[in-house]
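Open the model in your viewer and switch to a cartoon view.

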Amino acid sequence: MFDVTKDDVLLNLITTDDQNVTEELFAEARENRKEYYGTKVYFRGLIEFTNYCKNDCLYCGIRRSNKNAERYRLTKEQILNCCRKGNLLGYKTFVLQGGEDPYYDDDRLTEIIAAIHAEFPDSAITVSVGERSTESYEKILKAGAARYLLRHETANNEHYGKLHPSSMSLSNRKKCLFELKKIGFQVGAGFMVGSPYQTPQNLLEDLHFLRELNPQMIGIGPFIPQADTPLKDFAQGSLEQTLRMVALARLIVPQALIPATTALGTINPFGREKALNAGANVVMPNLSPVEYRKLYALYDNKICTGDEAAECFMCMQNRIKKAGWTPDLCRGDAA
Ligand code: SF4
């Protein structure tokens, strides 16, 4: 067993290229996930409902300054139709994800959430629309959402400043995460691996932050450059290191729900299966209308942009079974 309370052990696992050590780490992560979730892999139906964003994160393809991004918003009816499709397939969680789009003020956003909640009362609604006031988060919770995803991206202040404009701050991001948790959301944090200027020490700080926040969900993906961003010339994050961080997140927060991210599937054809092997236990197939999928281009070459919801669903089911895990369509709340 690895003693993950020790920083030198963690740093060694963050940076190791020893295959035996890596396999041992993955085996321990799998054991931990099995203890809480058996062999189940939970499904979340992802609806990317707006690619407008008021922010200008330097790595992001839908940042405000990207004039090449073709913008879209889904109407309430379009969003409900995505949920209806998902419901027919058996999904019991819908994830509403978007940029920080001021159009969706509290009234508009809560109207959509309440409509989904009224039509699918047994399904969990996850929201991922960035930093808002505590009052706004409370309204979202009251409207029927149960989970909120807000990746912190890096837990190091200086590093955060190199990836974000000065109008954004790590302290506010952290404050939002703690507030969300306090008011009763199941909360999801997470970070990029291999982002520009990142050091192993930064990744260690990400793990420290996970331990401190103890989130119910943890999203970890490799940095992937996007051609229309200031960070376009940086190399993508490594598959191996991202997988090790998934495994370490599992050891630090054993009961977490950890998705095998699309970004991992983008840098390697079996990236998601490898993530399941390293301790992940959630997949998030896309329910967004196909005609908008390519426009939600946070990074380049994103996979699964051409398949209908049912195709994505079947493909993921088959992949999961082939990899030896059990697809599970329940709400999949945190243990
Ligand atoms: S990462 Fe999120 S907040 Fe930042 S520009 Fe992209 S969509 Fe907006």
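Where is the place of Lys34? Select Lys34: it sits in helix H2, which covers residues 19–37. Keep in mind that this is a predicted model.

**Stop 1: around Lys34**

Is Lys34 buried, exposed or partly exposed? Its relative accessible area is 37%. Buried would need under 20% and exposed over 50%, so Lys34 counts as partly exposed. Now show its contacts. Leaving out residues up to four places away in sequence, Lys34 touches Thr39 and Trp325. Lys34 and Gln255 are 221 residues apart in sequence, yet their C-alpha atoms are 9.8 Å apart in space.

**Stop 2: the sheet**

Select strands E2 to E7. They form an open sheet of 6 strands, in the order E2-E3-E4-E5-E6-E7, with parallel pairing. The edges are strand E2 (45–50) and strand E7 (217–222), and each of these pairs on one side only. Look along the sheet for its twist, which averages 20° from one strand to the next.

**Stop 3: strand E3**

Select residues 93–98, strand E3. How many of its residues are buried? The count is 6 of the 6, so E3 is largely enclosed by the rest of the structure.

**Stop 4: from E2 to E3**

Show E2 beside E3. The two run parallel and are joined by 5 bridges. Pick Leu46: its bridge partner in E3 is Val95. Then trace the chain from E2 through helix H3 (residues 76–89) to E3; this β-α-β crossover is right-handed.

**Stop 5**

E3 and E4 pair in the parallel sense, over 5 bridges. The chain reaches E4 from E3 by way of helix H4 (residues 106–119), in a right-handed β-α-β crossover.

Now move on from Thr126. Which residue of E5 is its bridge partner? Select Arg147. Strand E4 (residues 124–128) and strand E5 (residues 147–149) run parallel, joined by 2 bridges.

**Stop 6: helix H8**

Finish with residues 200–213, helix H8. This helix lies across strand E6 (186–193) and E7. Relative to E6, H8 runs at about 175°.

Conventions
Residues are numbered from 1 along each chain as its sequence is written. This is a predicted model: local features need pLDDT of at least 70, side-chain atom pairs count only at pLDDT 80 or more; totals for chains, interfaces and linings use all residues. Side-chain values use heavy atoms; hydrogens and water are left out. Helices (H or I, at least four residues) and strands (E, at least two) are DSSP runs, numbered from the N terminus. Buried means under 20% relative accessible area, exposed over 50%, partly exposed in between (1.4 Å probe, protein chains only). Contact means heavy atoms within 4.5 Å. Two strands pair if DSSP finds at least two bridges between them. Axes are lines fitted to C-alpha atoms, for helices over the stretch in contact, and angles run from 0 to 180 degrees between N-to-C directions. A crossover is right-handed if, with the strands pointing away from the viewer, the path from the first strand over the helix to the second runs clockwise.
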